[in-house]
Amino acid sequence: MTATKPPLSASVKGLQPPLLKALSNPITEARPVSSPSPYHLGEDVEVLTMHEARCGLGNFNRRDKFKVVLVLEGENELHYATRSFRITGPALVFTNRLIPYAWEIPEGFHEQQGYLSCFSESFLHSAMRGVSLKDTVLYRVEGNPVYTLTDEQARYFTDAFTRMRRDLESAYAHKEDLLRNQLSIIIHEAALLEPATAQHAPANAAERITSLFLNLLEVQFPVTAQLREPVLKSASDYAERMAVHVNHLNAMVKEVTGKSTTTHINERLVTEAQLLLAHTDWSVGEIAYSLGFGYPTYFNNFFKKHTGTTPLTYRRAQAPTAL
């Protein structure tokens, strides 16, 4: 199934700078995918230099990935949820697909250099002994995503990324285990480091929070599998994930877009439901569960309230174009 994402609002278009779009969440434009790189293993893990990422190798816009970035040179600012971090030297940066973020280049500076890896949670599951990445301090919304490094620490993590790239190129039958162990070590070693402190709240707070909300909303779609992490469906869900009060989130989104947070969420759910009904052979119940509704009846009532028709009636009307 191919779904067309809704256009970005004018208030959001200017908020995503051009730095390393491979690191940005899917609110940015899609990057062309070049021929396969030797530095990836199926769909589970990739390890690239930032230069390779900028040249289009790999696909760092995948919404089912976690990312770890080793910054070695350059200066940039990371806006993470409602905080900002100025990165001026060697650092490890952890980003979570469920926590919106954006990078900016301060005027007069160049893009950073270093390494980055994206990987699925399932890839690390065995190495982390069943611990969810979302529950670790490195990936919680209230945690710190940036860890400044000494020169010695930067050399240590550079060696780690170099070894992972070597392992990816090798023909060793158990290289997946080597990669899992190396990523696990990086995460645990980082947990021992002193985290950086956010320097300031981003400017244009209303637009920034609105951009983060719309980013987090969009990153959950399109739905391409029936068994997946539940979609966030309420303003309080998003506020909790963004570490802001729900009333503050509602006020900022309303101020910038003219619509309530709930309206944005419902409109996106309806759009995705219509796409699934028209372009998949999933049952109504399967669609309901994939969109986070506990019971098909709840989904039926929701869909009829917002479209004036039932899911089955809508599907029959789309029959000529349905799969």
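**Reading a model, feature by feature**

Guide: Let us start with a single residue in this predicted model. Leaving aside residues up to four places away in sequence, Thr95 touches Phe66, Lys67, Tyr80, Tyr101 and Tyr139. Thr95 belongs to strand β6, residues 91-96.

Visitor: Does Thr95 count as buried or exposed, and why?

Guide: The general idea is to compare the relative accessibility with a cut-off: a residue is buried when the value is under 20%. Thr95 counts as buried because its relative accessibility is 3%.

Visitor: How many residues does the protein have, and what share of them counts as buried?

Guide: The protein has 323 residues, of which 49% count as buried. Its secondary structure comprises 12 helices and nine strands. Among contacts with a separation of 6 or more, 72% are between residues 24 or more positions apart.

Visitor: Tyr80 was among the residues that Thr95 touches. Which way do Tyr80 and the other residues of β4 point?

Guide: In general, side chains in a regular strand alternate between the two faces of the sheet. In β4, Asn76, Leu78 and Tyr80 point one way, while Glu77 and His79 point the other way. Strand β4, residues 76-80, is mostly covered, with five of its five residues buried.

Visitor: Which strand does β4 join through five bridges, and in what sense do the two run?

Guide: That strand is β5, residues 83-87, and the two run antiparallel. Within this pairing, Tyr80 is opposite Arg83 in β5.

Visitor: Over how many bridges does β4 pair with β7?

Guide: Four bridges link β4 and β7, residues 101-104, again in the antiparallel sense. Here Glu77 stands opposite Glu104 in β7.

Visitor: Let us turn to helices. At what angle do the axes of α6 and α7 cross?

Guide: The axes of α6, residues 205-218, and α7, residues 235-242, cross at roughly 110° and come within 11 Å. An angle of 65 to 115 degrees counts as roughly perpendicular, so α6 is roughly perpendicular to α7. The crossing of α6 past α7 is right-handed.

Visitor: Which residues of α6 and α7 meet there?

Guide: From α6 come Ile209, Leu212, Phe213, Leu216 and Leu217, which meet Tyr238, Arg241 and Met242 in α7. Sorted by class, this contact of α6 with α7 has seven nonpolar residues, no polar residues and one charged residue.

Definitions and conventions:
Residues numbered from 1 in each chain as written. Predicted model: local features only at pLDDT ≥ 70, side-chain atom pairs only at ≥ 80, totals over all residues. Heavy atoms only, no water. Axes fitted to C-alpha atoms, helices over the stretch in contact; angles between N-to-C directions. Parallel < 35°, antiparallel > 145°, perpendicular 65-115°, else oblique. Left-handed = near helix turned anticlockwise from the far one by under 90°. Contact = heavy atoms within 4.5 Å. Nonpolar A, V, L, I, M, F, W, Y, C, P; charged D, E, K, R; others polar. Buried < 20%, exposed > 50% of the residue type's maximum accessible area, 1.4 Å probe, protein only. Pairing = 2+ DSSP bridges.
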